[in-house]
Amino acid sequence: MSKNKIVRMTVAGLVLVVLFIIVFQVLIRKPYTTMKVAAIPEGEYDPAVWGKHYPLEYESYLRTKETAPSPTGYGGSEKIQKSVKEPEILINFKGMAFSIDYAEDRGHLYALEDLRSTKRIDKTTAGACMTCKTAQLAEIFNEKGWNYAKIPLLELLPRLKHPVVCGNCHDPKTMNLRVINPAFIEAMTQRGIDVKKASREEMRSYVCGQCHVEYYFVPADKKVILPWANGLHPEQIYEYYSAKPNNFAMDWKHPDSETPMLKAQHPEFEVWSGGVHAKSGVSCVDCHMPYMKADGQKYTSHWVTSPMKHLKEACRTCHTQSEQWLLDQVKSTQAEVWEMQHTAGQIVANAHETIGKASKATGANSAELDKARELVRKAQWYWDFVAAENSMGFHNPTMILTTLGRSVDLAHRAIASSEKVLANEKMNLSGKKPAGRDRR
Ligand code: HEC
Ligand code: HEC
Ligand code: HEC
Ligand code: HEC
């Protein structure tokens with residue numbers, strides 16, 4: 001073979017390899033390039049209709065009906081009351097609906113069914129509650145604007161037929177990812193982010209961030225707000241609430257400690273966003289909706305559940321460690337978070353009880369008691385922020401453990417403050433001079 005021929009063959013070979021890599025990359029990165037988009041009309045919410053055109057996605061979506069536990073022992077899709085493992089919930093949420101019914105989350109197909117059956121709703125419950133339970137939000141918001149939020153939920157429920165379905169995340173005509181929750185769009189706009197201009201990569205977390213976030217309803221009109229004006233950190237969200245007038249900053253009054261309290265709601269997006277994965281550009285979808293293969297065809301799994309149920313596809317795309325190592329890593333992080341969460345919850349419960357006792361003390365120092373109440377309010381916010389988040393700390397272990405540490409510290413200080421009040425009462429009764437700093 002001549003030298004020239006060898007050079008030419010090498011070059012041709014290299015070109016082929018490069019071409020192959022490019023084609024492979026396109027196939028891997030852009031699952032849509034080979035997909036035929038069916039024009040589904042706007043207003044079609046039935047996933048079975050969408051499923052005729054996209055059978056692999058639909059079949060995997062139907063698996064959200066499965067109710068298996070998770071191999072970690074923490075996540076999982078069983079509807080179990082949280083208070084079985086954490087009885088402190090019954091004390092910390094005393095006087096409000098979460099002490100009556102507070103179950104573990106399960107698959108998207110159950111969202112409406114579980115809303116209908118929860119003991120937390122009655123005829124005073126606002127329509128705003130449907131915001132994260134159904135794709136029909138799109139048509140209802142179109143029709144009524146924010147007015148839907150104050151219509152009683154029980155009035156809207158008969159109309160709601162489809163839970164979290166295709167239309168929550170996809171534009172039916174193009175199949176592009178979309179967000180339909182106006183509260184999320186407004187909160188992002190306020191942060192200077194235009195979700196209409198978001199990249200595909202960003203949308204792979206925004207579609208989840210529509211619902212897996214902390215929120216509240218404005219007391220007057222029930223409008224849904226994500227409290228992100230100061231940032232997504234639990235401290236910043238607490239400050240946001242504290243700066244509001246009284247009726248905003250209170251979800252209910254704890255009957256023992258007589259403290260105006262806040263209730264946190266599933267802040268997965270907030271917790272994830274500060275963690276190592278978000279900072280490395282890893283989206284919710286990378287772990288919770290990994291690529292699967294069926295008959296040589298690649299598709300996105302729509303069985304949105306614990307990634308530990310398909311650990312290989314969810315984690316080993318990036319991690320070279322063994323499946324066992326990854327599972328152990330997740331479990332040991334969660335075990336440490338669980339221990340601290342349980343401890344913090346119990347100390348907070350103890351603080352409510354001690355403040356309750358102290359406030360019944362004769363001649364109780366009200367300034368000292370108010371101090372204790374502010375401490376327990378914040379302590380519970382930190383504990384609840386972690387307990388309401390669904391990954392048992394995995395989404396951001398460092399921040400979660402620090403937050404629990406703060407909760408423990410604040411709750412102990414609340415107890416110390418109320419014990420001071422009780423000690424003063426004892427001294428008063430025994431005729432000694434009181435020791436309290438601002439005792440009059
Ligand atoms: C690096 C992978 C990864 C990313 C990224 C990620 N998660 Fe998770 N997520 C997990 C793991 C691991 C668990 C714990 C599952 C378990 O204990 O079985 C979890 C748990 C959850 C749960 C509770 C699941 C259950 O079984 O109850 C929800 C809900 C959740 N994540 C939502 C999100 C959302 C929303 C985002 C993006 C804002 C996100 N996750 C980003 C890995 C991830
Ligand atoms: C919770 C949000 C969500 C829901 C609900 C949802 N999808 Fe998806 N879907 C996604 C995401 C995220 C992707 C990946 C898109 C990307 O990477 O660009 C995707 C991708 C797809 C694709 C592109 C091909 C592929 O597999 O990657 C099709 C088709 C699809 N979904 C169909 C459906 C159908 C049909 C339903 C209802 C049965 C549905 N989706 C429900 C989020 C969702
Ligand atoms: C329209 C609101 C909405 C959107 C969008 C949404 N979720 Fe959910 N998600 C829910 C609700 C509500 C539940 C709880 C349903 C129940 O327990 O009845 C849930 C449950 C879950 C669970 C627990 C499943 C289990 O088996 O325990 C995971 C994991 C989860 N979502 C992840 C995601 C991810 C990842 C995305 C984005 C791809 C996403 N969700 C988008 C509302 C939403
Ligand atoms: C798209 C890529 C990607 C996916 C998917 C992914 N990771 Fe990671 N993971 C990373 C990167 C990047 C880091 C940052 C450290 C590094 O470079 O190794 C990281 C860090 C970690 C760490 C160490 C940091 C910490 O927070 O404790 C653990 C543990 C981990 N990942 C577990 C998992 C598990 C379990 C899954 C599947 C549920 C998963 N990862 C999915 C890319 C990924």
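Colleague: Is A278 buried, exposed or partly exposed?

Modeller: Keep in mind that this is a predicted model. A278 has 17 other C-beta atoms within 10 Å. Buried would take 20 or more, and exposed would take 12 or fewer. The count of 17 falls in between, so A278 is partly exposed.

Colleague: Which helix holds A278, and which residues does A278 touch, leaving out those up to four places away in sequence?

Modeller: The helix covers residues 276-279, and that's α13. There's also H395, 117 residues along the chain from A278, with the two C-alpha atoms 8.9 Å apart. As for contacts beyond four places in sequence, A278 touches W272 and S273.

Colleague: Which element gives the most to the shell around ligand 4?

Modeller: That ligand has 16 residues around it, and the closest are S280, P307, C315, C318 and Q329. By class, the shell has ten nonpolar, five polar and one charged residue. With three residues, the top contributor is α16.

Colleague: And around ligand 3, which element gives the most?

Modeller: Here 24 residues surround the ligand, with S77, D114, C208, C211 and H288 the closest. At least two residues each come from α5 (111-117), α8 (166-169), α10 (200-209) and α14. Their classes split into twelve nonpolar, eight polar and four charged. The biggest share, three residues, comes from α14.

Colleague: In the hairpin of β5 and β6, which residue takes a positive phi?

Modeller: β5 (residues 291-294) and β6 (residues 297-300) run antiparallel and are joined by four bridges. One of the paired residues is A294, whose partner in β6 is Q297. Two residues sit between the strands, and the one with a positive phi, near 45 degrees, is D295.

Colleague: Zooming out, what percentage of contacts between residues at least 6 apart join residues at least 24 apart?

Modeller: The chain's secondary structure comes to 18 helices and six strands. Its C-alpha atoms fill a box of roughly 110 × 55 × 40 Å along the principal axes. Of the 440 residues, 37% are buried. For those contacts, the share joining residues at least 24 apart is 69%.

Conventions:
Residues numbered from 1 in each chain as written. Chains lettered and ligands numbered in written order. Predicted model: local features only at pLDDT ≥ 70, side-chain atom pairs only at ≥ 80, totals over all residues. Contact = placed C-beta atoms within 7 Å. Pairing = 2+ DSSP bridges. Near = placed C-beta within 6 Å. Nonpolar A, V, L, I, M, F, W, Y, C, P; charged D, E, K, R; others polar.
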